[in-house]
Amino acid sequence: MKKKIIKILKIVLPLLLGVFLIWYSLKSATPQERQELWENISTANPWFLLLSMLFGGLSHLSRAYRWKFMLEPLGYKPKLANSFMAVMAGYLANFGIPRSGEVLRAASLSSYEKVPFEKAFGTIISERIADVIVMLSITAITLFLQTEHLLAYFRANEINPLFSVGILLALVLLGVLGLQIIKRSKLPFLVRIKKMAYGLLEGMRSILKMKQKWAFIFHTLFIWFMYILMFYVIVFSIPGLGNTEFSIIMAAFVVGSFAISATNGGIGVYPVAIGAILMLFGISKQSGEAFGWLTWGTQTLMVLILGGLSFIFLPIFNRQK
């Protein structure tokens, strides 16, 4: 009974957090600010929104195609249509139960392409490692590009940057110490973590050993390039944001990438986080949150449509084989 309650809370709490943030954001705004937010959203140029959806669709298609490079060495060659529909159905599932999409994605391919679930899920974990590496690289580049803005922010708020660097170094040292403890420990919990870490490292090695690793790397970079484009073009749909520096938009992209996993599909958290980071660069809260809502809304709409159609057509497509 206790386990069921914990599972329900894991599903419900992130959703409640998202709803609360939406309510709080709107309630704390003045009527004029709410009106400005709505005007920014309602007057957005729809062509840039459609272009954003196109870039998002291409990234998902590339992800489905990239998957075959992980499966082919295992002796499986799934149809692109099945891979794509499994990917989209998985994204849709994440709106209901966070992180359930990977499980559903592997289960779909197991059902319709006879790929063992364990192998399909293992390839998903391996390709996620590649995505994490790219995301961390983008984050590092963005921090480098924003060094001047960050120093100005520290000075304006009387924060000693050396103190922040010291904290960062301390965290790194604690991390290294923690890794050494995990490596040498024989406690069952830490042993499981160590085995998981070794599995992830093995997944990284498998990427470098695959026959078509350059094609895999190309699609990985293409996926993230499309992510950035689908985010960036929304700027041109909102009056007054078209001249925003690309480095500032990248800072918002990084924050949004982390914020989207906080709740079911990023509901509530995503636009608030985007608005908050853009305020640091002198952009109004209303314009920033409108940008966040439009970005989140267009991609959510696309996932709802393509994910819903995938659930419907997966059994139909495979019944006609």
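In which helix does Ser62 lie? Ser62 belongs to helix H3, which covers residues 46-71; helices here are DSSP runs of H or I with at least four residues, numbered from the N terminus. The structure is a predicted model, in which local features need pLDDT of at least 70 and side-chain atom pairs count only at pLDDT 80 or more, while totals for chains, interfaces and linings use all residues. Residues are numbered from 1 along each chain as its sequence is written, and side-chain values use heavy atoms, with hydrogens and water left out.

Ser62 is buried, with a relative accessible area of 4%, where buried means under 20% relative accessible area, exposed means over 50%, and partly exposed lies in between (1.4 Å probe, protein chains only). Leaving aside its neighbours within four places in sequence, Ser62 is in contact with His219, Phe222 and Ile223, contact being heavy atoms within 4.5 Å. Among the buried residues of helix H10 are His219 and Ile223, together with others including Trp224 and Tyr227. The 20 residues of H10 (residues 213-232) should span 28 Å at 1.5 Å a residue, and this agrees with the 28 Å between its end C-alpha atoms; the expected span is 1.5 Å times one less than the number of residues.

In one of them Asp131 pairs with Arg63, the closest N and O atoms being 2.9 Å apart. Because Asp131 lies in helix H6 (residues 117-145) and Arg63 in helix H3, this pair ties together parts that are 68 residues apart in sequence. Both Asp131 and Arg63 are buried, Asp131 with a relative accessible area of 5%.

Asp131 forms a salt bridge with Arg128 as well, and here the closest N and O atoms are 4.0 Å apart. These two residues both lie in helix H6, three residues apart, or about one turn of the helix. An α-helix has 3.6 residues a turn, so residues three or four places apart point the same way. Arg128 is partly exposed, with a relative accessible area of 24%.

Glu102 is found in helix H5 (residues 101-113) and is buried, with a relative accessible area of 7%. Beyond its neighbours within four places in sequence, Glu102 is in contact with Asn94, Phe121, Ile124 and Arg128. The C-alpha atoms of Glu102 and Ile124 are separated by 7.0 Å, although the two residues are 22 residues apart along the chain.

A further link is the salt bridge in which the side chains of Arg105 and Glu127 meet at 2.4 Å, N to O. This pair connects distant parts of the chain, with Arg105 in helix H5 and Glu127 in helix H6, and both residues are buried. Taken together, Arg63, Arg66, Glu102, Arg105, Glu127, Arg128 and Asp131 are linked in a network of salt bridges.
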